[in-house]
Amino acid sequence: MTTAMESSQFQSEKMTFSVLSSSAPVMAPRVGKLALAGRKTLSTPHYIPLTSRGTVPHIAHDMLRKETALNSLYIGLEDFITKKSPSPVYNVPVSEDESPLRRFICASDDMPLILAPRRYPAIPCPPNNTDTSIAILTSVGFRQLPAHQYLDSVRSLKPDIAIGLADIVYGREPGVKRRAKMVDRTHAFTQDALERLYGKAVPAEQKASAAYFAPVLPLDNAQQSLYLDDLQDELKSRISGLALYESASLSQIPESLGALPRLLLSQPGSPHDLLREVSLGGDLMTLPFVGECSDAGIALDFTFPAPSDATVSASEPRALGIDLWSADNAKDVSALSEGCECYACRKHHRAYFNHLLNAKEMAAWALLQMHNYHVMDLFFAGVRDSIQRGTFEEDMRSFTRVYASELPQRTGEGPRLRGYQLQAGPHKRGPRVYGRLDDVSQKFAESQSSIATPDTDASGLEHHGFAQKA
Amino acid sequence: MSADPQPKRMPSALTLHHHAKCSTTKARASTLDLPHGSVPLPIFMPVATQASLKGLTYDQLRDTGCMLCLNNTYHLGLKPGQEVLDSVGGAHKLQGWDRNLLTDSGGFQMVSLLKLATVTEEGVRFLSPHDGSPMLLTPEHSISLQNSIGSDIIMQLDDVIATTSPDHARIKEAMERSVRWLDRCIDAHKYPETQNLFCIIQGGLDLELRKQCCAEMVARDTPGIAIGGLSGGEAKEEFCKVVDTCTSLLPEHKPRYVMGVGYPEDIVVAVALGADMFDCVWPTRTARFGNAIVSAGTINLRNSSYANDFSPIEEGCTCTCCRPKDQGGLGLTKAYMHHVTAKETVGAHLLTVHNVHYMLTLMGAARQAIIEDRYPAFIRKFFSDIYQGDKTKYPEWAVGALRGVGMDLLED
């Protein structure tokens, strides 16, 4: 690891990305600053919090502002598309230059907003993408999002960053023919988007204010070389960043595009995966595992670099998280992680989390989200320090030695998932108990949940001091 | 009823300071000093059933101005149970809430929720739902659990039956038994210096029984007094008569709590009848179905008519959600609430904040009106807002109840 301080800079009207330290333009860890006009500056590597319908799941707006350090939002346009057109998000009354999207979701003025066509992780849609549209899942079902509508949205909703439309196949491996089509379509989407948003023919006042992140497909280099060549020649002047769908793509970035920020949409499964992405030069990460852990009652518990006093044992590496469903926590009045300064740890202890999970109280997920994001804040701060110190590779090796390779297994139930939140993979929707009377069934479920039926037998009740055997 | 009640003097961990009394109605404004802070009366208490208020953090609850909330003994007895409560050091420490807590006795849930529960002189007999073993919940169990919970106000175990029960003999028995159980609760109460035991007046809708019960229980000198057995589907006229009858017999210097009530209209009228404290799950439960409480009643934000309504939930509301951004609020709109309600847990959190804030603000405004001796005008405005000034729509029970305390709701 070298400590060379070569700095490069990418600058456009609304966005500046300065790389403060890196040994090479590509394939090496680097520290940077992403500055967007009028918004908080992001120190990279960092993560972009994922939203659902404009909220970071479980964290109410006031708590987010007061008690978290979240400093950007990833927003899927599909969350805002309704049956009736135009959808409400397009009708928000705003002053000139104000983002209707920001106004609609009531985000604070300095929060960078990153708009993508789809939520992340995106849920596979049975309908296929077409040459002029992609399939999306809204809260009222599947439909097509025409490319021109997405571009109109980028222009009118005024996010700070827009992630370009790509023809991605979700939920299965595309075949050879399909892969060729992915490249052709994505290439065409990108060319068309850049022309319509920023082209010479577009009057200055109608040019999009958003910085455009061009997609790099999750394919190998040879397959998309024509597209990548075009990105570095014809299209380079109009793109402000790259959106990558797998970490392997980090090795395909042409050197001439090395100054652009790289946003990863790669579903990392653990902090180890994140470190690998950082080591290959990733700047902005998305972390679905944080929300999944919170839902599952798992408090993340790791630091980077790993604590130096950590006793390393190959047979029993440190767990990356604590399963708060475990009865071990029932009387434990210690914080989730020792010395943690997050809101949840300042105010509460493990016994409360164990109780909230058992009682299926929503506060469990809200508090865990705040803790887990705080752990990630510190993790990325540690990563940045480590890169600047020039000890990243060494720190990464010791992190791998000290910590378990995977997050703890989920043992408990999470919140009820709604259709638009369902993903392929570990989450399976619970058995459908009620028919189509959603409103009625909810009230019924509600009335049931307030009838706490003892889940213990007579001896248990006696032990709890609840009653005695008669 | 025992001829010789042998009143037991008990210490009190509260003080009630009176500030004003309405010169027309029986409404009172006071401040109740409890071990975890002062509570302005009259007050609405939100219900944090299982030591959590439906997704809110306790700082969000503080921001609504809440000084006193409820936990349910029945639920905390099941989860996390007495052993954990003792080990953690009580419910305040369990949930990280440093303001006041009130717990019910668990009897109400027991009888209404567990089938096959029968009440005997010893206590509530029921079959353990898991293994069918016969079990017994006694007044001593309830107090012991509430002592472990450590709530600032604890309730006696009472013999609860529906007010609508036609069985007069059973109602009388329940009233008398509640008095006897109060004595057992007083005996079992370990921490009277830090926890205030409230008796519960029973007697169904029979005003004679209520009067007898008041006499018996007042003689036992508990720090506070609750009127129980209401909110069970009885006619509102009957409800008002019971509250009015009881408050006339209760000592001025003790707080009066009407259990399980209720809707804003019920509370505003019951305050005029001389009651001080109220609790109800309705404002927080209805929030989770997308209903926002506003001065004109309730609105359901799931309704598509709000999809493009970019005004706050209620114009002029000072809650965190409705207050505009430039006043430090979130500036949320009905359109956004429509977007997240019943789809994201955050939607429930935000509407819960609004509704609890609404109830507490309503109580604060009522209190101020009493202090300034304009409570009748406050009530008239309140009803006029709900019914858009159409007096023909005013509920008769409210008109009648208020007339009984010297006020004509229909007057201009």
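The model is predicted. The contact between the chains takes 61 residues from chain B and 58 residues from chain A, and the domain assignment of chain A gives domain 1 (10-286) and domain 2 (297-410).

- On the side of chain B that touches chain A, the elements that give two or more residues include α1 (58-63), α6 (139-149), β9 (134-137) and α13 (345-371) of chain B.
- By class, this side of chain B has 27 nonpolar, 25 polar and nine charged residues.
- Strand β17 (residues 468-469) of chain A pairs with β9(B) in the antiparallel sense over two bridges, and Q468(A) stands opposite L136(B) in β9(B).

**Domains of chain A**
- The C-alpha centres of domain 1 of chain A and domain 2 of chain A lie 29 Å apart, and the contact takes 24 residues from domain 1 of chain A and 24 residues from domain 2 of chain A.
- On the side of domain 1 of chain A that touches domain 2 of chain A, at least two residues each are supplied by β3 (30-36), β5 (46-47), α1 (61-67) and α6 (271-279) of chain A, with the largest share, five residues, coming from α6(A).
- By class, this side of domain 1 of chain A has 14 nonpolar, eight polar and two charged residues.

**Helix α7 of chain A**
- Helix α7 (residues 288-295) of chain A is largely enclosed by the rest of the structure, because seven of its eight residues are buried; among them are F289(A), E292(A) and D295(A).
- The buried residues of α7(A) pack against β15 (298-300), β16 (321-323) and α10 (363-389) of chain A.
- After α7(A) comes G297(A), whose phi is positive, near 80 degrees.

**Parallel strands in chain B**
- Strand β12 (residues 224-227) of chain B is covered on both faces, with G224(B) and A226(B) buried on one side and I225(B) and I227(B) buried on the other.
- Strand β11 (residues 196-201) of chain B runs parallel to β12(B) and is joined to it by four bridges, while β12(B) pairs with strand β13 (residues 256-258) of chain B in the parallel sense over three bridges.
- I227(B) in β12(B) is the bridge partner of I201(B), and I227(B) also stands opposite V258(B) in β13(B).
- A right-handed β-α-β unit is made by β11(B), helix α8 (residues 207-219) of chain B and β12(B), and a right-handed β-α-β unit is likewise made by β12(B), helix α9 (residues 236-249) of chain B and β13(B).

Key: Residues numbered from 1 in each chain as written. Chains lettered and ligands numbered in written order. Predicted model: local features only at pLDDT ≥ 70, side-chain atom pairs only at ≥ 80, totals over all residues. Contact = placed C-beta atoms within 7 Å. Nonpolar A, V, L, I, M, F, W, Y, C, P; charged D, E, K, R; others polar. Pairing = 2+ DSSP bridges. Buried ≥ 20, exposed ≤ 12 C-beta atoms within 10 Å, placed from the backbone. Domains from an automatic or database assignment. Right-handed = clockwise from strand over helix to strand, strands pointing away.
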